Amino acid sequence: WIDKLEVQPLERAEYIRLLSDYTEEDRLYAQEKARKIGDRYFGKQIFVRGLIEFTSYCKNDCYYCGLRRSNPKAERYRLTEEEILDCCREGYALGFRTFVLQGGEDAYFTRERMVHIIRQIKGAYPDCALTLSIGERCRADYAAFRQAGADRYLLRHETADPAHYRVLHPEPLSLEHRIKCLETLKELGFQTGCGFMVGSPGQTPETLAEDLLFIRRLQPQMVGIGPFIPHGDTPFHNKPQGTLELTLFLLSLIRIQQKQVLLPATTALGTIDPRGRELGILAGANVVMPNLSPVAVRKKYSLYDNKICTGEESAQCRSCLQKRMESIGYTLVTDRGDYPA
Ligand code: 5AD
Ligand code: FES
């Protein structure tokens, strides 16, 4: 099935069997194949994205996330436009050519405020790509962001199974609306990213099969996956975290299925294992997303417990990652790192 996946889609039942019965040997087989495909398209180059976590306010109440509105212990902050631009200036000097503005769903950042921020960043750094990751908005907002110059949008679908979606999110969130947003983003010409947590409560081989089928149908330019990690102040505080092995296996399957996709080795993967990001690259990932947020706010952007890099300066993270990538024969590049045309 791993061989078949390289040339054609699997049937739902085949994905389920593969995800239920795979052995360590299968995982390593997929990893080798994924790595070869990654190297064929991207060589030994790893793209970097500077992640700016600009607001920890969120109107949603996702059961897994430390920033959920019902968590009174979450420390809330918003960066000012000046602070955001300072992060970009620092990032640019460090060689970043993509900035990712990520935040909770924060009504303070209206269409007008976001458009202003996007224009400032794209005006100051016209050679950089700008990615937004600010959740579900109406079509007119997305269109205005695109018009203002935003290039990419990350919106993880979290699970492609409606019942599982309901296990992870209370109403009014729905899978149906999430998928509408993703389709709108693609239509508007954003390089679009979906994705999910590995090992989230209620996830099964069946729901993962739906995720892989959904990715096949959407054909996103980016896919973000990382292990679920419990946060102590959420309803899922007692749930087990996702495993390294399953995350690596899924990274490999996604690389084999979606050959040229931009696929990060995430901070969550680096949090559950000290070499998680290196192993993620070796399993088929080709992107890393070090934190560019001001150190003063980093601990407050607490999606899950024990997040790494909350005490390090941006420059430290950049050189740390450069060393880590070199240790496995890869190198960070100063490049926008667009999806191949
Ligand atoms: N563990 C791992 N990932 C999480 N995210 C949110 N909470 C957690 C958690 N507890 C992920 C979600 C979201 C992304 C920004 O962070 O998938 O889309
Ligand atoms: Fe931040 Fe290693 S990447 S300290």
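View 1. The buried residues of α5 are Met114, Ile117, Ile118 and Ile121. They cover an arc of only 100° around the axis, which puts them on the same side of α5; the arc is that of the directions from the helix axis to the C-beta atoms. The model is predicted: local features need pLDDT of at least 70, side-chain atom pairs count only at pLDDT 80 or more, and totals for chains, interfaces and linings use all residues. Residues are numbered from 1 along each chain as its sequence is written, with chains lettered from A and ligands numbered from 1 in the order in which they are written.

**View 2. Span and surroundings of α5.** Helix α5 (residues 111-124) has 14 residues and reaches 20 Å from first to last C-alpha, close to the 20 Å expected at 1.5 Å a residue (1.5 Å times one less than the number of residues). Helices (H or I, at least four residues) and strands (E, at least two) are DSSP runs numbered from the N terminus. The buried residues of α5 pack against α4 (81-93), β3 (98-103), β4 (129-133) and α6 (139-148), contact being C-beta atoms, placed from the backbone, within 7 Å.

**View 3. Asp141 in α6.** Asp141 lies in helix α6 and is partly exposed, with 17 other C-beta atoms within 10 Å. Asp141 and Thr110 are 31 residues apart in sequence and 8.6 Å apart in space, C-alpha to C-alpha.

Note on methods. Buried ≥ 20, exposed ≤ 12 C-beta atoms within 10 Å, placed from the backbone. Contact = placed C-beta atoms within 7 Å.
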